[in-house]
Amino acid sequence: MAPIDRVAIKKTSCALCPAACGVEVHVVGGKVTKVQGDRESPIGRGKVCPKVAGAVDLHYHKDRLNYPLKRIGKRGESHWQRISWTEAIGEIAEKLASIRDRFGPEALVYLGGTYRPPGDWAAWRFCNLFGSPNIFGQGKNCGQAEFVAEWAVYGRETIGNMPVPGLTKCVVLWGVNLPESRHLWWQPMLKAKKAGVKFIVVDPRYTETAAEADIWLQLRPSTDGALALGMLHVIVEEELYDKAFVEQWCLGFDEIRRCVADYPLEKVAKITNVPAEKIAEAARLYAKDKPSILSFGVAACHLGSGAAKSAVLGKSLLRAITGNLDIPGGHVFNEGLKELRWPQELYWDYLVSHPLRKHDNVSADEFPAASVKSYALFREAMSKIYPHGCMASQYMRWVSPTLLWPAILEGKPYPIRAVITQSGNPLVTLAGSRAMRDALVDDKLELHVGMDLFMSPTIQLADYVLPAADFMERPDIRLRWGLADEWVCGEQTVAPLYERRDDYQLWRDLGVRLGQEGYWPDMLEGMLDRFLEPTGQTFGDFVARKDFYQMRPPRPGKYKEQGFATFSGKVELVPSILAKLGYDPLPTYEEPPQSPYRTKDLAKEYPLILISGSRVRWFTHSTLRQIPRLRRKHPDPILEINPDTAGKLGITDGDWVFVETTVGRVKQKARLTAGISPEVVHADGYWWFPEKPAEEPTLFGVWESNINSIIPDAPEICDYAGDHFFRGPLCRVYKAS
Ligand SMILES: Nc1nc2c(c(=O)[nH]1)N[C@H]1C(S)=C(S)[C@@H](COP(=O)(O)OP(=O)(O)OC[C@H]3O[C@@H](n4cnc5c(=O)[nH]c(N)nc54)[C@H](O)[C@@H]3O)O[C@H]1N2
Ligand SMILES: Nc1nc2c(c(=O)[nH]1)N[C@H]1C(S)=C(S)[C@@H](COP(=O)(O)OP(=O)(O)OC[C@H]3O[C@@H](n4cnc5c(=O)[nH]c(N)nc54)[C@H](O)[C@@H]3O)O[C@H]1N2
Ligand code: SF4
Ligand SMILES: [Mo]
C-alpha cells in the first residue's frame, strides 16, 4: 500500500487584497489543498473573508501565466511566443540601458498596483537606484490626498485606528464601508457599537455601515469638504474644541476660526443636502463624546480638484482641534518599525540626489504635493522624529498617471520611453484609459513589460509578459507600507509551479545587469534578512520558531516628548509645508470639477451624479473574476439607481442600461434601491471579462462596462495630489435596447 501523505500546515498572509490576514495553507504531497484563516493570527483570529475560498482555484487556474512570453506581431494582437527567463531579462535590460543612455533614467515608468509586496518595494528600490522619479503605485488613488494632508497638519497618518473597548466613545466612519472592504476591522467595530460606542456615518449610499449609524449623513457626493467645514464651524462657534490642546500644541487657530466662519450651517446644508440640525448634532456628538475616532476612507481622495483638498484637510483639522490626536482611545500614532531597516534599504533618500537624475517626475509642476521635491521637504520636517525617514513617505511622491500619457505621446515635459507594469491593471483601475491605451500601443514607447498572475487588458499591450508567483509560492514580510506598527512573516508554502517567479526576482535580475551589482541579494529571502538585520536574526529564524506575528502595543502621548513631525514641531492647522509647495494651505471648499452648481449647462445634459468603484466582498478591484465560485456571487456589473429616477427613465430592476459621461458610455445592469438619492447613481468598478477575446479591439471587453473608461481625466480635474475624480462626475443613464 502506498504511504498516505500527511497534511503539512504552512503559514503566511493572504495577498488576495491588502488586508494581509493570517492564513494556513494546507499542503499534501506538494499540492495546496486548502487555505483557511489562522486562529493564531492576532489580527483575524482565524476569520477570513469569502475571497479566500478562491485561493486554491487561483493557484491552479488554467489561465495562469506560467512562462515568459514575447510579443510577435503588433501590440494588442495577442500573438505571443515563449522565451526563456534568461533571454527575456537579457533583452529587457539591454533596451533599458539604451533608453537610459539616450533619454536619461527618468524615461522609465513603473506602473504598480496596490500594496503587493515584494514587487512593489523591489520596484521602488530598483527605480531609486536607477534614478527614475516616475514611480506609480496605486497608493496614489488609495489615500495619497488624505495621507499628505495629515502629514502636513500633524506629521502622521491615522488610518487603522480602532475603537478601544471602555475608552472610545464615538466613531465617525467617513466614506468607508468596512463590511465589504475590511471585514477584519468591521467585527471589532460592531463589538464596540454593542458596547455603546456611537457611530456617525458619512456616505451618500445607505450601506451596511450606514445601517448601524446613530447619525447617517447622506451627503451629495464630493461635498465632504463643505460638511467638514460646517462641523468645524459648530465646534469653533460653540467652543467645543479642546482649548488646552489647541493653545499649547496648535498653530494657526485664528486663521481657521476666520475660515470656518464663512461656513454657517444654512450654507453648508445647501451645498451638501444634509439638514443643518443633523450636521450640528453630528458635530456636537463627535466633539463632546471624546475620545473619538474619525476614520480614513478612500472616498475623500476621489472628489476631484479643490473638493478633495478641503475634504482631507477638513477631516484632519477635526481630528486635531478636538484633541483626539495620540490619546488613548483616539488616534494613537504609529511609532514606525524601528527594528526593521526599511526606508534605508529602499533608497528613497538616494533618489533625491541621484547623480543621473535631471528631472522631477513628469507631474511635479501640476501636483507638487506628489514629487521628489515634496518628499524631500516632508523628509526634512519629519527628520527629528523619524531620522531614517518613514515607510509611509512614498505617498508624497507618486507620479500622476494623467501626465504620463502626454509624456509618451508628445515627449512633454520630457520623453517617457519604457513602462514596466507589475501587479496593477491600470487600463481598468485608472481614469483616462483611452489615452493610456493610445500611449501604450504607440511606437514611441520602446518597451512595455508586464508581470502578473494572469493576462490582463493592460499587459495584453506589452512586449514581454512575465509569469508571477502567487502569495503561496514565495516567502514574505507584510508591513502595510508602514501604516501600522505591526509586521507579519509568511513562509513559502510551496515551490512555484512551472516557470513562475516571485516579483522580487525581476528587479534583482535587471538590477545586476544595470549597474546595481552588490545591491541585490540573489534571492528574496536574502533581502528579507537585510530588512531584519537590526533584530540580529534572519528570516529563517522567525520561520523556524513559527514566530510570524509581530505586534507593537500602541503608546499614546508621544508628542509630549517629541512634538509633532512638522517643521514647527506643532500641529499646523494651516500647514506651512503646503504653502512651501505653492498651495493655498486653507481648507476652503471648492465645488467638484463637474457638478449641478459648478457646471450648470453640463448638468442639463447630464443630470445625474456618478459615484463608482465602491468595494464588493467577492473581488479585489479587477481581480478574481476568473474564479467561478466567486464570479457566481456577482456575475455582472451593477448600477445602483433610485426607483423614482429609474421609473422616470423607464428602467426596471435587472435591465441593462448605458451610463454616459462627457467621455463615453458603458453598459451595466440596473439594481433599483432606495438607498441612493434620486440624483445619484453608483456604478460598479473594475469590470473586464476574462472570458472574452483577448485581442484588440475587444481586449477582454475592457470598453464594455469598465466605468473608469468614461471617468473624465485631465490635470485640472484631479485633486491637489493628482488623484482621479472617481466620485462625482456628471452622467446620464438610459435603457440599453
Ligand atoms: N472608479 C474607481 N476606480 C478606482 C478606485 C475607486 O474607488 N473607484 N479605487 C482605486 C484604488 S483605492 C486602488 S487601490 C486601485 C487598485 O488598482 P490595481 O492595483 O491596479 O488593481 P487590482 O485589480 O487589485 O490588481 C491589478 C493586477 O495585479 C495582479 N496581481 C495580483 N497579485 C499579484 C502578484 O503577486 N504579482 C503580480 N505581478 N501581479 C499580481 C492581478 O492579477 C491584477 O491583474 O484602483 C483605483 N481605482
Ligand atoms: N473586498 C474588497 N476589499 C477591499 C478592496 C477590494 O477591492 N475588495 N480594496 C482595498 C483597497 S485598496 C481599498 S483603498 C479599500 C477601500 O475601501 P473603502 O474605503 O471602504 O472604500 P469604498 O468601498 O470604495 O467606498 C466607501 C464608501 O464611499 C462612499 N462614497 C462614494 N462617494 C462618496 C463621497 O463623495 N463622499 C463620501 N463621504 N462617501 C462616498 C461609497 O458609497 C462607499 O460606500 O478597500 C480595500 N479592501
Ligand atoms: S480580507 Fe480576505 S482577501 Fe483580503 S487578505 Fe483578508 S482573507 Fe485575504
Ligand atoms: Mo486602494
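Author: A residue counts as buried when its relative accessible area is under 20%, as exposed when over 50% and as partly exposed in between (1.4 Å probe, protein chains only). This is a predicted model, in which local features need pLDDT of at least 70 and side-chain atom pairs pLDDT 80 or more, while totals for chains, interfaces and linings use all residues. Residues are numbered from 1 along each chain as its sequence is written, chains are lettered from A and ligands numbered from 1 in the order written, and side-chain values use heavy atoms, without hydrogens and water.

Reader: Is Asp503 buried or exposed?

Author: Asp503 lies in helix H19, residues 503-513; helices (H or I, at least four residues) and strands (E, at least two) are DSSP runs numbered from the N terminus. Its relative accessible area is 3%, and therefore Asp503 is buried.

Reader: Which residues does Asp503 touch, not counting those up to four places away in sequence?

Author: Contact means heavy atoms within 4.5 Å. Once residues up to four places away in sequence are set aside, the partners of Asp503 are Pro118, Gly119, Gln422, Ser423, Met451, Ala468 and Arg474.

Reader: What is omega for the cis peptide bond that joins Lys412 and Pro413?

Author: Pro413 has its place in the loop between helix H16 (404-409) and strand E13 (418-422). The cis bond joining Lys412 to Pro413 has an omega of about -5 degrees.

Reader: What is the phi of Ser222?

Author: Ser222 occupies the loop between strand E10 (215-217) and helix H7. With a relative accessible area of 1%, Ser222 is buried. Although Ser222 is not a glycine, its phi is positive, at about 70 degrees.

Reader: Where is Leu699 found?

Author: Leu699 is another residue that is not a glycine and yet has a positive phi, here about 50 degrees. Its relative accessibility is 0%, so Leu699 counts as buried. Leu699 is found in the loop between strand E24 (680-683) and strand E25 (727-735).

Reader: How do H7 and H12 run relative to each other, roughly parallel or roughly antiparallel?

Author: Axes are lines fitted to C-alpha atoms, for helices over the stretch in contact, and angles between N-to-C directions run from 0 to 180 degrees. The axes of helix H7 (residues 224-237) and helix H12 (residues 305-321) lie 7 Å apart, at an angle of about 30 degrees. Angles under 35 degrees count as roughly parallel, over 145 as roughly antiparallel, 65 to 115 as roughly perpendicular and the rest as oblique. H7 and H12 are therefore roughly parallel.

Reader: Which residues in H12 does H7 meet?

Author: On the side of H7, the residues involved are Asp224, Gly225, Ala228, Met231, Leu232, Ile235 and Val236. On the side of H12, they are Ala307, Ser310, Ala311, Gly314, Lys315, Leu317, Leu318 and Ile321.

Reader: How do H7 and H10 run relative to each other, roughly parallel or roughly antiparallel?

Author: Ala226, Leu227, Gly230 and Val234 in H7 meet Leu265, Val268, Ile271 and Thr272 in H10. The axes of H7 and helix H10 (residues 265-272) come within 9 Å and cross at roughly 160 degrees. H7 and H10 are therefore roughly antiparallel.

Reader: What covers the buried residues of H4?

Author: In helix H4 (residues 144-154), 11 of the 11 residues are buried, so the helix is largely enclosed by the rest of the structure. Among these buried residues are Phe147, Trp151 and Tyr154. The cover includes H12, helix H15 (372-382), strand E19 (571-572) and helix H23 (576-580).

Reader: How far apart in space are Ala192 and Cys250?

Author: Ala192 is found in helix H6 (residues 183-194) and is buried, with a relative accessible area of 10%. Leaving aside neighbours within four places in sequence, Ala192 is in contact with Pro163 and Val197. Ala192 and Cys250 are 58 residues apart in sequence, and their C-alpha to C-alpha distance is 30 Å.
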